[in-house]
Structures are given as structure tokens and as C-alpha cells.
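Dear colleague,

I am passing on the structure below, and after it I set out what was found. Please read the notes with the structure open beside you.

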Amino acid sequence: MGKNKCIPSFFKRKNENEELVEGIVDGNNENKRQKASISESVNEANNEANQNIQPVNEANNEANQNIPQNPTNINEEDVSSLERDPAKRLPMWKYPVNIREQVRLAYISLGAYQIKLDEYKPRGPKNDLRRFKYAWFDMFPNWLEYSPTKHKAYCFLCYLYNDKPNESHGHSAFTSEGFDNWEKVNDRDKCPLLKHIQSSNHKKAFLLYTNLLNQEAHLDSFIETKSEGKIRKNRLRLKTTIDVVRWLTYQARALQGHEESSTSKNQGNFRELQKLLAHYNDDVANVLFQNAPYNWKYTSSDIQLEILSIMANKVRKHIRSEVGYSWFCVMVDESRDESKKEQMAIVLRFVDAERVIRERFLDLVHVMDTLSATLKLNLWNTLLHYGFDVSKIRGQGYDGASSMRGEWNGLQALVREYSPYAYYVHCFAHRLQLALVCVSRDVTPVHQFFSYLVFIINVVCASSKRHDELQIAKADEIKKLLELGETNSRKGKNQVGTLRRV
């Protein structure tokens, strides 16, 4: 059973009337108190009946509320619509089993119906009339109720847990039929009210009632507390994994190591960084590695790839929101990676809402070949997958290969069949590269310079000894220039790092 919204209203009522819960005592203690004060309370009741009290019309209006016939859910807003008259309200066993707990909590938030009338209806012979006494509410708190329509007394606790339509006569007198034999109340040892609180049915209802109020001791509360603890640990473990993956990705470092077993001295960047975080944070250390469940470690390569995929999708969604419904250009280029797979890179160029030109790398797609039809199919599928409107393409930027710039069957021609305003522009980077190559071939000194440079690099880099000799020679040259004052020494200039890059 989960915590119900009616519980706060119940404790609010407790603050207004401290005796609502504190006045509940077990049957034996209550019996002793009743026997010791019953004679005095009856005399006080006669005097109390003459005091100014609420009019009967308000009680009758409150008693005429509609009985819920087909209840489906009881919450704090429905508490005011519950029938208060114990003679008119729907028996508990008629409510669906799955909502009885909610109905009980709703009635508990309202409390027992202890109404004060100007005059309670008398019963008995004319020369010996007896009536209900308001003082009995103080003698039997929290369970005794009075119906202003049938002028009978009922037990509030027994009503809450009366889950069966047929009960013994003594029990039904305080649940469904009502009790109005007032002349027997003053009979101390045979008082029906005292006998009722000593009955097994009433004691059982009282026990269930007190257990219902103790929400923290319920099994579902214990399970919920345990579940909350597991959830916090899982979230901290997952958050640590996400932070490690994100940091290593941002630094362009490999996640997995060559040997990640528990006996390995170096388990790779991912696990070693987790160890570092756990070394400085006890909370993290308590949820990682041997402290984590066998199937909840979040360290496998599948988990790492899934986290990377989620991050990539979030970046792509952000790019999509940046583009919005404006026009954009596509730039595509393909190349073979180290695994000998042909990869197609897709970049978008657009003007954002701040009128700034942006270029965003969207995706890297593996293609089986470099045919224009294959490239166009993969490009179209990628754009449509991320929600881009291909009709808003207003430019294309590729290299000068025939499969890209072909006038009839090239990629730019296939794209223009669907987006006629997507004009093709030869990629400026490729054009600059081609221009430099042509110029270097036509100018002899430039051509010789690059030829010698390539030769020197190959010779020096092929031997570590030559590489060290070159660095020593360069350092001696810089030292002489500094002594002669022909060069300056500034931050970031003529440093060892610079020499190493040379």
C-alpha cells in the first residue's frame, strides 16, 4: 500500500484535536476508565445537554449527502463528498477491494461522526424515557458515532473493517443495524458499550486501525525505502560511468584497455579513471567494482557505446534545433579509415537565429562504395532520420571527383532532382589544395623546397639517432643566436616543445 494523500489531512486534524489519536487506548485500559467514571459522567451529561449547541438543521443537511455508488478512486479532494451519517453511508464490503484502503484512509482523515444536537431523540416508556448522551463521546472517543437520521449509535472502527455482509447480531448492532437501547448503558457490568470494546471484533478492528495509521511500519514502505536506496546507488554508479566516458571522449582518449581483468596492472583508461574517482570519493567507492551487483556494474563496452550513442543523439538534436526551419547547405566527403571502411562525413552549414554562420558535423556514415547513388541514398536517409527537410537544401559542397560533381549522374545532380535550388560549389579546401599543388609544380624553387622537405623528414624520422642530432644542432644554433642578440626569447618561443615539433 502506498502513502495516500489523505494522511496529511489526518495529521492536520490531529493537531486541531489532540485527542483524535492520543485518546485511543487499548480495550483493558479503556474499560477500567469507563467503570471508574461512568456514574459521574452520566450526571454531567444531564447538565451538558442544556448547553447551546449546533442546530439540528446543519446536521440534517450534512446527513443528506449522496452515497457514492461506483467509486473508482478516493483522494483528498473527494473526502468532503463522503457520506458522514453512519446509518446512510455505503457499507465497506460494498466498495471494490482494490480501493477499500483508500476509503478507510479518507474516513480516518475525517474522524468519527460525533455530532452534537440540541436534543437527542428519547426512547422507552413515557414514564422512563432515555436518550443518547453527548458525554458518551468523551467516554468512548474515536469510535462511538451517532446517526441523526436513525438516532442510533455505531462503531466507527468496526465499520472501517466490516468486510463481510453477514456478522453476528452483537457485532452488527454497532455496524449496520445500530444501537439504541439507552437504558442498558447505565448498567455498569452489562453496559453494551463496554462489552463492545471488549469483543474480539472490536479489538481486531482497533488493531488494524492502529496498524493503518503506522504507515512507516508497513511492508511496502520498507520495500520502497530499500528501492530508493538501490535507485540512489544505481544513479551514482551510472553517473560516474557517464562522466568518465564523457571526459575520455572529450580528450579523444581510448576507453578500453588491452587487458581489463582484475589481475591486470593497467585496466585501461576507463577503469583506471574510475579507480581514481573512487579513491577520492567514498560514496563512489561504495558503489563501484566489488561493491556493485554482478549485472549492474555499468562497465561493459556495450554500456560505453550506448552512452556514446545517447550523447551523439543529444548533440544531433541540438544541431537540429539550431537549424530549425531555415535553409541550409550540405558538405559531404568520403575517405577510408584504418579499418579499411569507406566513411562518409556529413557537415551542415547554416545561419542560426543570431545570424551567425555555423558549420556543424552531423554524422559519419559507413558506405559500401563511393557510387553517387549510394552516397545520395545514405545522405537522404541520414537527413530524414534526424528530421531535416531536404527541400530546404540551398547548397552543396563536395570535392571535384566525378561521382560528386558529375553533371548528369554525380551526387550534386541527384540532389538537385529533389532540391532544384541546391547549387553545387566546389569545396574551397579542395580547390586551395589543388591550387597549391599546381603552383608548386610550375615554380621550380617551391617544387624543390617541398621535395627536399619530404626527403629530410623521411630520413630524420626513420632514425631516432638522427632525430636527436637534429634537435641538438638546432638547440646550439638557437643558443648562439641568443648570445649574439639576433633573436629574442619570449614565452612559447624557442622552447623544447617547439624543437620537438620541428
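Among contacts (heavy atoms within 4.5 Å) in the protein chain between residues at least 6 apart in sequence, 60% join residues at least 24 apart. This is a predicted model, in which local features need pLDDT of at least 70 and side-chain atom pairs count only at pLDDT 80 or more, while totals for chains, interfaces and linings use all residues. Residues are numbered from 1 along each chain as its sequence is written, and side-chain values use heavy atoms, with hydrogens and water left out.

The protein chain has 21 helices and 7 strands, which are DSSP runs numbered from the N terminus (helices H or I, at least four residues; strands E, at least two). Of its 502 residues, 36% are buried, where buried means under 20% relative accessible area, exposed over 50%, and partly exposed in between, with a 1.4 Å probe and protein chains only.

In helix α15 (residues 372-385), the buried residues include L375, W380 and L383, and the buried residues of α15 pack against β3, β4, β5, β6, α16 and α17. Just after α15, G387 takes a positive phi of about 85°.

The structure also holds 9 salt bridges, each a side-chain nitrogen of Lys or Arg within 4 Å of a carboxyl oxygen of Asp or Glu. In one of them the side chains of E145 and R89 meet at 2.4 Å, N to O. E145 lies in strand β1 and R89 in the loop between α4 and α5, so the pair ties together parts that are 56 residues apart in sequence. Both E145 and R89 are buried.

Best wishes
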